[in-house]
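Let's walk through this one together, question by question. Have the sequence and the coordinates open as you read.

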Amino acid sequence: MNHATTSSPADLRETMITSVKQAGYAQRPEVERALRRVPRHEFVPEADLDTAYDPWQAVITHRFTDGTALSCASAPSVVAMMLDQLAVEPGNAVLEIGAGTGYNASLLAELTNQDTHVVTIDLDGGVTTHATRNLAATGYHGVRVVTGDGALGVPEHGPYDRIIATVSPWDIPTAWWQQLTPGARLVVPLRWRGQTRSVAFAHHNGRLVADSIELCGFVPLVTDDDGELSAPITADGTIHLHWDRDQPVDPTVLHGVLDRPSNTAWSGVSIAGDEPHDGIWLRLTVTDLRTCRLNAPADTPPEICAPISPLRAPALVDGTSLAYLTLRRHQGSGPSRWELGAIGHGPAATELATHLCDELRAWSIDRDRRKPNLTAYPADTPEHELTGTIIDKAHSKLVLTYDTDEPHEHRYRA
């Protein structure tokens, strides 16, 4: 597995840092310094040096018996992004949920200037053993590595000025709220409406107020109250729908929906091949409570299902009807562009596809530059005290708003 490389670990680390900074991450000088000080390759000895220092590549270190990832060392670009969001200050007490290889904990130790201020927890004993060994070998002897349920936090070493999750929860566990100091920061790859976003929250007056929302993907946090549901909607079981438990989705009536009459609509909005468009999904989570996720294998014939991204695409579900985002090559001169559209199936196919195109046109005004406000409240907060789109979870309520509604903006209410 070890490939020959002509560069030293230090040179590869510098190249990695340069790429990460050019992508807009490691903007905090202290994050850049931490990345430079920690020898990432020593935390992923099973990977060759080029892989260890690839800015965009995660290294999977443990798997479940079915082959899905249990633990990994996140891609350096994602690590840097989340550490920018966390904004660790010297002397902060820090809790990490998801020990991984120990690499992230070592960076946290550098940022807080005291490794005894860092606690990391993981449910899997094999993961914590591996992390403990790596941290000791690289000199971070003071980091506390705990084997246990990350959803419960580690109250005996709290409270914490900073909590960061490197596994993706569907909700913000009550224990995490309780273990935050006033004014603390929480960075979490939170899942809602089928997508995952790294959200940086500040803890104020019993609320968690987001000041940064970035696209990401992580191994899910294993909990008993995970509220993301899924079911196949095709006879062969290859195409799945994913939705949240607060949504009135009945998968039984959607089984075979892709075989029903369809309607395709085009928005007139186009993107370049490398242009980000994930803000469409984020916008839909604010403006339409019917937003879900459609997963189709990459080898699915386009005449059966042609989503904008084969493995995860935003979709709307309304009773026995479904619509999802699609795209086609733009017919025109110059560099290749792709027009965005929607394909609907079922009795409301035309309505849903048309509505998605309206949303695409509304998104295109500011593209991904415009992001919503997100605040998390305890689950028992009365709804009459909240203003905005409310997403109910087990331990919290997410409230999403935009600063000002566009004149043409309209919201679907269940």
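Q: Is Leu-190 buried or exposed?
A: First, some ground rules: this is a predicted model, where local features need pLDDT of at least 70, side-chain atom pairs count only at pLDDT 80 or more, and totals for chains, interfaces and linings use all residues. Residues are numbered from 1 along each chain as its sequence is written, and side-chain values use heavy atoms, with hydrogens and water left out. Buried means under 20% relative accessible area, exposed over 50%, and partly exposed in between (1.4 Å probe, protein chains only). Leu-190 has 0% relative accessibility, so Leu-190 counts as buried.

Q: Which strand holds Leu-190?
A: Strands here are DSSP runs of E with at least two residues, while helices are H or I runs of at least four, all numbered from the N terminus. Contact means heavy atoms within 4.5 Å, and beyond residues up to four places away in sequence Leu-190 touches, among others, Trp-170, Phe-201 and Leu-398. The strand that Leu-190 lies in is S7.

Q: What does the side chain of Thr-181 make a polar contact with?
A: Thr-181 is also in S7, which covers residues 180–192, and with 14% relative accessibility it counts as buried. A polar contact is a pair of N or O atoms within 3.5 Å; within protein, one must be able to donate a hydrogen and the other to accept it, and residues adjacent in sequence count only if both atoms are side-chain atoms. At 3.3 Å, the partner is the side chain of Asp-161.

Q: Which residue in S8 stands opposite Leu-186?
A: Two strands pair if DSSP finds at least two bridges between them. S7 and S8 (residues 195–204) run antiparallel and are joined by eight bridges. They belong to an open sheet of ten strands with mixed pairing, ordered S5-S4-S3-S6-S7-S8-S9-S17-S19-S18. Opposite Leu-186 sits Phe-201.

Q: At about what angle does H5 run to S4?
A: Axes are lines fitted to C-alpha atoms, for helices over the stretch in contact, and angles run from 0 to 180 degrees between N-to-C directions. H5 lies across S3 (94–97), S4 (118–122) and S6 (160–165). Its angle to S4 is about 165 degrees.

Q: How many residues are in the largest nonpolar core?
A: A nonpolar core is a set of buried Ala, Val, Leu, Ile, Met, Phe, Trp, Tyr and Cys residues joined through side-chain atoms within 4.5 Å. Leu-35, Leu-83, Tyr-103, Leu-107 and Leu-108 touch the most other members. H1 (9–22), H2 (29–37), H4 (76–86) and H5 (103–112) each supply at least two residues of this core. The residue count is 38.

Q: Which strands are at the edges of the open sheet of seven strands?
A: That sheet has antiparallel pairing and the order S10-S11-S13-S14-S15-S16-S12. H10 (residues 349–364) lies across S12, S14, S15 and S16, at about 10 degrees to S12. Pairing on one side only, the edge strands are S10 (228–232) and S12 (262–272).
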